[in-house]
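Subject: Structure handover

Hello,

Here is the structure I promised to pass on. Please open it alongside this note; the findings follow below.

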Amino acid sequence: KQHEVSIEADVSQQGPTINKDIYGQFAEHLGRGIYEGIWVGKDSDIPNTKGFRNDVLNALRDIKVPLVRWPGGCFADEYHWRDGIGDPSERPVKVNTHWGGVEEDNAVGTHEFFDFVELLGADAYVNGNLGSGTVREMAEWVEYMTSDKNSTLANERRANGRDEPWDIAYFGIGNESWGCGGHMSPEYYVNLYNQFATFIKTPPGKKPKLVGSGGHTEDTEWTDVLSANIERNMDGISYHFYTLPNSDWQNKGHATEFDQSDWFKTMERTYRMDKYLRDNIAKLEQNDPDGDIGLYVDEWGTWYDPEPDREPGFLYQQNTLRDAVLTAVNFNLFHDYADRVHMTNIAQMVNVLQAMILTDGADMLLTPTYHVYGMYKVFQDATAIPYSIASGEYSNGEQTLPAVTTSIARGTDGKVYIALVNLDPAVDAEINLNLSGADFASLSGQILTADAITAKNTFDAKGQVKPTAFTADADNFVLPAKSVVVAELK
Ligand code: AHR
């Protein structure tokens, strides 16, 4: 038995651009995400550039990370930027009250963060502190980073080693202001947003995209209230949605030990992203019919129970084929809504939640999720091609999901690419591809799959889940169960 899937598209048609920033990452001062994960310090025996480990930098360059969000998360609303500039040995030591109560010595601050994104070739998404900071503090941080004048703040930046102003691609005004960012109502927050945004001043052409702190999960009120009440420019409203297999914060589910019924629950949970995006976008369509405001999914990914022998506040988790498959499901959805979803950041880049990379001392491994980012990099800034799909049904007897989802786009290199994911862990799919607008004989690319649904990469066996070559006839082929394919149409 196979799922019967048919897909139709006219490749001469053009949909929206798939913004490269959909492939953004998130690096918070949390657990071993920054310290150990990317930063080892300039004096470390681990080979590094300006304190950032070379192995991790090289791996991240390979997947073309376009954007990194920093310093949080919840941490952002407790972060005071002056703690992280100047002589590192004189920076204050704080307590990271959100994440494990550990000491934060501020070794990575503004200059180090910009070193990191410059080494990666990525853009910067800086998240400002609205929850416990002041308008003045936020305005001065932006001036410090972007001013080209002879102001005292710009000269302080120069004295600290950076002559040229930095570019900030996105600047967030608070984070999760409904929760760790201050437990506010959206009405209260939007007034604060208007106030704070008024004083963010940059030289001409240097203005970052400003991000309002929005809602999460099934909530649409934040998107609604913010988009209806902004008085200052807001380029996007953030939105957070985490995939918990059990939908229960006290019993989220195990990262690596699960069966096919857990797999279904996880896919069902992650696929809610479709409805949640649609519902939030409907609010934007009402309040912002010109389409000026983007929906920025600046935190998403899997969140499992902490490993028993680790600090629970560090949010370290392993990552399996299941994470890889649901990553592709989410990418295909982000592409479907690319006219409003301009940016996303998976949580988080290294050693935290659904990470790309796990480190252990000087050692490092690439997770299944990493490989999906690598496969999908051809979609960065590609032009979506509208399609229709009869997707087959993947069911647990009570609920039904599409068995297969897809995305088709013309890459910046002019080639046509297709992505396919078979959500079903047990049943292959027969794909009938009916393309017009050009003639294609074959497709050629990569597949990510494994024998076991729980397959993972470990420090003893790093290559258990990795992409292999995939070629097929362009019109009819089999997409194996629990697999992700990205291929060029030839
Ligand atoms: O990514 C971990 C945390 O999840 C972030 O700090 C916060 O914004 C969210 O609740």
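Two strands pair if DSSP finds at least two bridges between them. Helices (H or I, at least four residues) and strands (E, at least two) are DSSP runs, numbered from the N terminus. This is a predicted model: local features need pLDDT of at least 70, side-chain atom pairs count only at pLDDT 80 or more, and totals for chains, interfaces and linings use all residues. Residues are numbered from 1 along each chain, as its sequence is written.

The sheet comes first. Strand β22 (residues 429-436) and β25 run antiparallel, joined by four bridges. Alanine 429 faces leucine 479 of β25. Both strands belong to an open sheet of four, ordered β17-β1-β22-β25, with mixed pairing. Its edges are β17 (387-390) and β25 (476-479), each pairing on one side only.

Next, helix α8. Of its 16 residues, 16 are buried, so α8 is largely enclosed by the rest of the structure. Buried means 20 or more other C-beta atoms within 10 Å of a residue's own, exposed means 12 or fewer, and partly exposed lies in between; C-beta atoms are placed from the backbone.

Leucine 315 sits in the loop between β12 (294-302) and α8. Its phi is positive, near 50°, and it is not a glycine. Leucine 315 is buried, with 25 other C-beta atoms within 10 Å. Lysine 50 also has a positive phi, about 55°. It lies in the loop between β3 (48-49) and β4 (52-53). Lysine 50 has 14 C-beta neighbours inside 10 Å, so it counts as partly exposed.

Two cis peptide bonds deserve a look. One joins tryptophan 70 and proline 71, with omega about 5°. Proline 71 is in the loop between β5 (67-70) and β6 (94-96). Another joins alanine 347 and glutamine 348, with omega about -10°. Glutamine 348 is in the loop between β13 (343-347) and β14 (357-360).

Alanine 347 and glutamine 348 are also among the residues surrounding the ligand, as are Glu28, Asn175, Glu176 and Glu299; a residue counts as near if its C-beta atom, placed from the backbone, lies within 6 Å.

Best wishes
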